[in-house]
Structure formats: C-alpha cells, structure tokens
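Good morning, and thank you for coming. I shall begin with one chain on its own and then turn to the contact between the two chains.

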Amino acid sequence: MDLADRAEHKAFRAEVREFIAAHRHLAPEETADSYRLLPRPYSEKVRKWQSLLVDKGYASRTVPKSYGGFGAEPDILKTKIITDEFFRAGLPPALYNQGVSMLVPTLLEHGSEEQKKKWIEPTIRAEVFWCQGYSEPGAGSDLASLQTRAHEDGDDFVINGSKIWTSSAHIADMIFCLVRTETKAGKYDGISYLIFSMDTPGIEVRPLQTMTGHPSFNEVFFTDVRVPKSQVVGGRGKGWKIANSTLAHERGMLANTNHAAGRLQKITGMLKSETLNGRPLFENAVMMDRFIRLQARVQALRLHEMRLVTEAATGKPRNIADMVCKLLGCELNHQIDAFAIDILGEIGVLYDGVPSVHHDSIWQQFFMYDLGLIIGGGTAQIQKNIIAERGLDMPREPKSAKG
Amino acid sequence: MFFGLSEEQLLIQESFRGHLTRSIDLDRIRKTAKSESGTDTPLRQELNDLGLPGLLISEDFGGSGLQLIDAAIVAIELGRSMAPVPFAATFIMAPLALTLAGSPAQQAEWLPRLASGETTIGVALANYASGTRRSDSVINQNNRLNGKIPFALDAATADAFLIADTDGQLHLLRTGAPGVTVEVLPSIDGTRPLCTLHLENADAEPLAKNSPEAIEAIIRAGRIILAAESFGAAEEMLDRAVAYAKERNQFGRAIGSFQAIKHLCAEMAAELQPCQSLVWYAAYAFDHLPEDAALSALLAKSHMDEVGRFVSRSAIEVHGGMGYTDLMGLHFWFKRIGFNRAQLGGPENLRAAAARLQGFVAPAA
C-alpha cells in the first residue's frame, strides 16, 4: 500500500489543477447530472469545452492522434486524477455518453480505417450525438434473442423491426444498432453491428413516457430502412461478439464513486441545516445512524475503486471485484437518494423545481432515475447471475436456442 | 498510488494461509471450543514459530517490527481458518499499549516474552471501547485498585491483564497477584472465553504514560483486527456455501443453479468484496494517515460487523439443514463473527462515535 502519488502523477495532478484554474471560466454550468436526467442537444459552450478537454488530453485521452484524440498511453491513475480533480473543483467532467464510452472503443477495436477516420473525432468532440439500438420489446435481459431483421438488397441492408429504451434517440444524429442479418445462422451468430444516420428514411422515434415525467427513452421503429453494407462494423454476423467486447471496456467506467461522495456531502449539509422542532436532524439518532451507514458504504466502494484502479494498472485480469461494481454502485446511489428524500420529509415530494422551496427538488428525480439505472444496462438480477456464474463459477442458467 | 499488497505482504499471507489450512481441521476446532482455555496450545506453539506473537513488536525486543496492515493480513487468515488461538488482545493491543505507554523497563520486561509467545496478556478495555454497563469500573485509590471489570479478551490463559481505571490510567495486573480474581465466562465462541476481573485492593502497576491517545489507539487497532478476522471468516463461509451449492443436488440439479441460491451467493460476494479494501485501508491509515485513522477504523468495523452478520447467516442458509448441524461446523465461523461484532464496540456504538468524531452530534457528556 502506498497511497501517495508518485512523482510523475504528482506532476500530472499539478498540471490538471493548473489547467482548471486557468480555464474554469470556460466550463459550462450544466452538470453531467442535468444531461442525464434530461437529454438534449449539447450547447455551443458544452461542445467547445469538450473540444478543449480533448485537445488537452482530459477527455478521450488514449484515442490516437490520427483519429483526433490526444494519443496518450493508457494510464488509469492519470484518468482517475483527472476525474477526481474535476470533481474536486466542482467542474463537469468530460462527456460520457454512449458515443464516447461505447461506440468509440468499439470502432477503435473493430472498425474499418474509414469508419475510424469518419466518426471518432466528431464523436469525442461532441459534434455527433449517438444512440444505442440494442434492446427490443422481446429482447431485454435476453438480448441475443433480438428480432429486428435486415435483408440484403444489392449493396444495402434493408432493416425492419423496432428497438426500445433507446436513450436520446429523439436528439441523436446517429445510431449503432444490433440487427439480425444472417437468416441461416444461429441465435448468436446471426447478428451484425450496424451504424447509420437517424435521418435515414423509414425511422420513426416515439418518446417513451417514463416515471420521471421527462422524455429520456424512446421507442424506435424501422420500416424498410436502407443502410449500405459498408456500414457494418467488424464483419457480418460478428455483432454479438463485438457488443460483448465493448462491455469489457466498461472497466474504465467503474461505478463512479465521486457521484455518491458528492451527494453524501450534500446530505451532510441537509442534516445540519434541516431542523425538526428546532433541532438539527443530525440529533435524531436514527437519521445519524442511517447517515453513517451510508458513509461507510461510500467509503467501502471508494476504496474498492482504488483497489480496482491498482489492479487494472498492474495488469491483473478482470475478476469478481469488477463484476460487483454495477450492482453495488447503482444500489448505493439509490439508497442515498432515498435517504435525502426522507430527510426532506414533506418537502421531499415537491417536484420539478418548485421555486418556493429552499432545496432543489432534484432528489425525487435522482431517486427515480437511479431506479432506472438499477434496471438498465443489465438488471440487478442479471448482475447477480454474472457475479455468481462468472465470478463464483456457479452453474449457469439453462439457455435455450443456443446458436 | 498503489492500493494493494506488497510482495512481502503476499508472502506473509501465503505462509499463514498455507500453515493454517494444513494444521487446522474441524475436529481440532471442535475439541478446543469445548476446552476450558479455548486455546489450542500446540497450534499456538506452531504459530509462535511463524512469528505470530511478535508481528507488531519492535525488532529490538525480538519481534518483526511490522505494521498494522501486516497484522490485519494475518488476522484475515486467522479468521478464515477459525484459528482457535488468542490474537487481537494479546498480540496486538497489549504490545501496542506497552509500546505507546510503557516505560523502558516495562517494555523490556514484557515485550520480548510477548514476542516469543512465552506469555500472553489479556485486555479488559470494554469500559473505554463500548462504555460501562451497570457501573462496572475500576477505581484507583492510592495505587490500590478496586472494582470489577468485565469482558476481558484473550484472558483465560493470560499471565497478566491490561486495564484502564476511571482516570484513564492504564495498568498491568498479574494473574494470581493478591486481590486479583479472574472469573471465566463461556461465550458463544468456545475459543473466545470472556473473563471478568474482580479487583480487591489489588496492587496497581501503572504504565508509565497516562495517555488517552494511547487508549484510543489500542482500541482502534483492536477494532481493525477484529474486523479483519471477521472478514476472513465471512469469506470462508461464502466459499463453503458456494462449494456446497455446486455439489448438493435437488430437483435433479445442483442447487447452485437455482437463482434463489445463486443470487444469495452473489449478494454475499458483492457485500464482501469492498470490505477487503475497507479493512486494508483502515489498517494502513492506522500507521500512515493520522487524519483519517480514527474515522476509517470506526467505519471499517461497523460495516464489517453488518456484512458479517448477513454473510454468516446466509451461508448457513445455503447449506440448508446441514448448515444448522455441528457436522458441517459452520457455526464456529458464525459464532466468531457474532463474537467479534459485540467486542470493542458494536456497530451502533461505533456509528455514534463516528458521528461525534465528525462533529455531527455533540460529544458524549
């Protein structure tokens, strides 16, 4: 154990701080949270800020220079220093959307040279907004059973079917999409990974009203949508493998404990300032106990993340320690939101920025949004299957229609 | 930044794990748990040879001069193997007390004998670690100690005891000295008997320094070591539950293929994974991060206590009726985890202390 920065990282931390001090006036006021809760096109200021971060190597740091990135060697410690310092300064971190976190790594690994040249730079500089076409009404946890099909017609694929839970489809420029192209192949080998414009004729986007009341998800319908075959990524029938390999990139996307720590910090303030019968809520022993329980959980996950960073930096293969992060992180965030709502009492049910309220009413939005995250991206139950089957080597679920 | 174990620490881990796995079997635990002392004396001797007693004791006194994180790594292995030998009080808290508050003469008298394993010292600091019950306390009148002090740890076979009087003065008391009576109380964990010390005009032998900080540090170290031991014990229980779920068949398939069982195991694993970092960090902070040492110890033990309870009962549940029997012996780990939870401050106590420490609530009067 040695928790101090080594010389190289100490210098890097100083460099990040210097950048922040010199440029923070250029940072957009919007928080990452506000985009998560209410997806909308990026403002000019957000795009400029993102582009500046790419230039300086604080966003998409390891993307090669030839594709518009900074071209740094992977160094997870530096990535963590950037994240931590931006958080510490109260600045929005670099954009972390599906284009940046999923499409770009996929293209870097499996894309053709032309695809890389065309799409990576505008994506990391927030000029092109992507959505992800994976889930379908009949293919959720069992994603590989997806039924959206494409038949060949000359140099094109013609797509028919529908997708659901497509975040931001209503504002996206492009989609990366799993489509069944190989009619004779089995369940897993018949899928291809296609990229195409959301302006292609035959695409209809219908917002899906969710419990938050804000449109963040959509249903997307494809009727005879024509996409050139050259827009397959990584070869026909390889879509399932490619989609899964992208998930391995999520190691860089560990449960970001800065969020949880930040919210807990806010709650500390609320417990001090909120009073009941004239006494601060911290004097309520149950409130105090709940707070420290959450504090211990945040601390545990924060330290666990440091362990994973060290394991990744020293080349230790992915293991059960990584697999628990999604389950724990999402559950913890949701518990923190729930606690905040309980602290606020009746105030906690006010919604949508009621102006007379001295605390913003964002906690209910978090509370619902974070429930969505417990379900999305592989439900808690699927996570438990993964932990048990891959992490603990327990017998697998019976799978039908194996390809 | 490097958040992990060094080569040397991995070696320590491996050597203790290897030795304990080879030496300890269920019969040995079962026999020891029924014995009066609760200590497996031959095993203690073997562990003396491995350097267990002297981990924290300076090399000047025959120890290894290691740090608390090294001791925590060992404690994890002791918990994993359910080692029926004393550790936290006699080989962590007592040497720390002597190191932090003892005179050079006291150190020279006790530390070498502790380091070699020749002697053990029980620790009775429950009055400072979790508060006093029924006003049990020890009063020092003109260097004569009177009163009763309960819940002494590692005391059944000890040659001496470390206690603190109502003024916060630490004392060493010899077993068998005039006015010192040791009452052994069996606990749920037969390898961890608790003792009550009755003092009647006992001769005080104060440690040289009267230091509240020393008492705090001793208790802090004890808490971290108990959390580490519970972590190891809980990991072992999970491992056994997973192994059993893969072997045991019902309805024509391994019970581990049912989500009801599989998800319970996944939940245990998910809860346990971060606890390792929590324990490592608290132990590291003890020696290296004074500003974070107090809080991280409170958070580590209180959280480990809760996760330990969840894992210990769930792992038994996975075994079904067999888990409830003595044949499987799982109850030994269950009891060790339950025992540790109550010692040196239970989780509610520790969380209240954490809130006071951070200034969220007023200090206790």
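Of the 403 residues in chain A, 54% are classed as buried. Please keep in mind that this is a predicted model. The secondary structure of chain A consists of 13 helices and 10 strands. Along the principal axes, its C-alpha atoms occupy a box of roughly 75 × 45 × 45 Å. Turning to contacts within chain A between residues at least 6 apart in sequence, 69% of them link residues at least 24 apart.

I now come to the interface. Chain B contributes 45 residues to the contact, and chain A contributes 48. About 4,100 Å² is buried between the two chains, with carbon and sulfur atoms giving 67% of that area.

Lys246(B) forms a salt bridge with Asp393(A), where the closest N and O atoms lie 3.9 Å apart.

Which elements of chain B give two or more residues to the side that touches chain A? They are helix 8 (212-247), strand 9 (253-254), helix 9 (259-288), helix 10 (290-318) and helix 13 (347-357). Helix 9 of chain B gives the most, with 18 residues. By type, the residues on this side of chain B comprise 25 nonpolar, 12 polar and 8 charged.

Thank you for your attention.

Methods
Residues are numbered from 1 along each chain as its sequence is written. Chains are lettered from A and ligands numbered from 1 in the order in which they are written. This is a predicted model: local features need pLDDT of at least 70, side-chain atom pairs count only at pLDDT 80 or more; totals for chains, interfaces and linings use all residues. Side-chain values use heavy atoms; hydrogens and water are left out. Contact means heavy atoms within 4.5 Å. Buried area is the accessible area (1.4 Å probe) that two parts lose on being put together, summed over both. A salt bridge is a side-chain nitrogen of Lys or Arg within 4 Å of a carboxyl oxygen of Asp or Glu. Helices (H or I, at least four residues) and strands (E, at least two) are DSSP runs, numbered from the N terminus. Ala, Val, Leu, Ile, Met, Phe, Trp, Tyr, Cys and Pro count as nonpolar, Asp, Glu, Lys and Arg as charged, and the others, Gly among them, as polar. Buried means under 20% relative accessible area, exposed over 50%, partly exposed in between (1.4 Å probe, protein chains only).
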